[in-house]
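Please keep the sequence and the 3D structure in view while reading.

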Amino acid sequence: MSDLVPAFMLMCFLSGTPQGQMYFRNMDTCNYFRDGLSNQTFRMGEETKNYYCWCKMIPEVNTKNVRAVSYTHLTLPTKA
């Protein structure tokens, strides 16, 4: 049996359609990725789609699904 721990889920959407989720051990890491990935706009043919993410605390997540991330290894693209 696996351990359950509280975690923070990063959920991302492209024009309202779920695109994926990830679990982190702390809210700061989740917010870091949310801030770096959200508010992007993509043009697909004649249509413009918005990409946005949010973080939510989940009380019990299997430890196998939770990522521990060190900020020293992260680089997200800067927004122009």
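The points below cover the overall fold, the cores, the disulfides, the aromatic pairs and the salt bridge.

The model is predicted: local features need pLDDT of at least 70, side-chain atom pairs count only at pLDDT 80 or more, and totals for chains, interfaces and linings use all residues. Residues are numbered from 1 along each chain as its sequence is written, and side-chain values use heavy atoms, with hydrogens and water left out.

**Overall fold**

- The chain contains 1 helix and 5 strands, where helices (H or I, at least four residues) and strands (E, at least two) are DSSP runs numbered from the N terminus.
- Read from the N terminus, the order of these elements is β-β-α-β-β-β.
- Of the 80 residues, 29% count as buried; buried means under 20% relative accessible area, exposed over 50%, and partly exposed in between (1.4 Å probe, protein chains only).
- Among contacts (heavy atoms within 4.5 Å) with a separation of 6 or more, 64% join residues 24 or more positions apart.

**Nonpolar cores**

- A nonpolar core is a set of buried Ala, Val, Leu, Ile, Met, Phe, Trp, Tyr and Cys residues joined through side-chain atoms within 4.5 Å.
- The largest such core has 10 residues, among them Phe 8, Leu 10, Phe 24, Phe 33 and Tyr 51.
- Strand 1 (4-14), helix 1 (27-37) and strand 4 (47-62) each give two or more residues to this core, and strand 1 gives the most, with 4 residues.
- A second, separate core of 8 residues includes Met 11, Phe 13, Ile 58 and Val 66.

**Disulfides**

- The structure holds 2 disulfides, each a pair of cysteine sulfur atoms within 2.5 Å.
- Cys 12 and Cys 53 form one of them, with their sulfur atoms 2.1 Å apart; the S-S torsion is about 105 degrees, so this disulfide is right-handed.
- Cys 12 lies in strand 1 and Cys 53 in strand 4, so the pair ties together parts 41 residues apart in sequence. Both cysteines are buried.
- Cys 30 is joined to Cys 55 by a disulfide with an S to S distance of 2.2 Å; the torsion of about -110 degrees makes this disulfide left-handed.
- This pair links helix 1, which holds Cys 30, to strand 4, which holds Cys 55, across 25 residues.
- Cys 30 is buried at 0% relative accessibility, and Cys 55 is buried at 16%.

**Aromatic pairs**

- The whole structure has 5 aromatic pairs: rings of Phe, Tyr and Trp (its six-membered ring) pair if their centres lie within 6.5 Å, and planes under 30 degrees apart count as stacked, over 60 as edge-to-face and the rest as tilted.
- Phe 13 and Tyr 52 are stacked, at 5.4 Å centre to centre and 20 degrees between the planes.
- Phe 13 is in strand 1 and Tyr 52 in strand 4, so their pair ties together parts 39 residues apart in sequence.
- The rings of Phe 42 and Tyr 51 have centres 6.2 Å apart and planes at 90 degrees, so this pair is edge-to-face.

**Salt bridge**

- The search finds 1 salt bridge, defined as a side-chain nitrogen of Lys or Arg within 4 Å of a carboxyl oxygen of Asp or Glu.
- Asp 35 and Arg 34 form this bridge, the closest N and O atoms being 2.8 Å apart.
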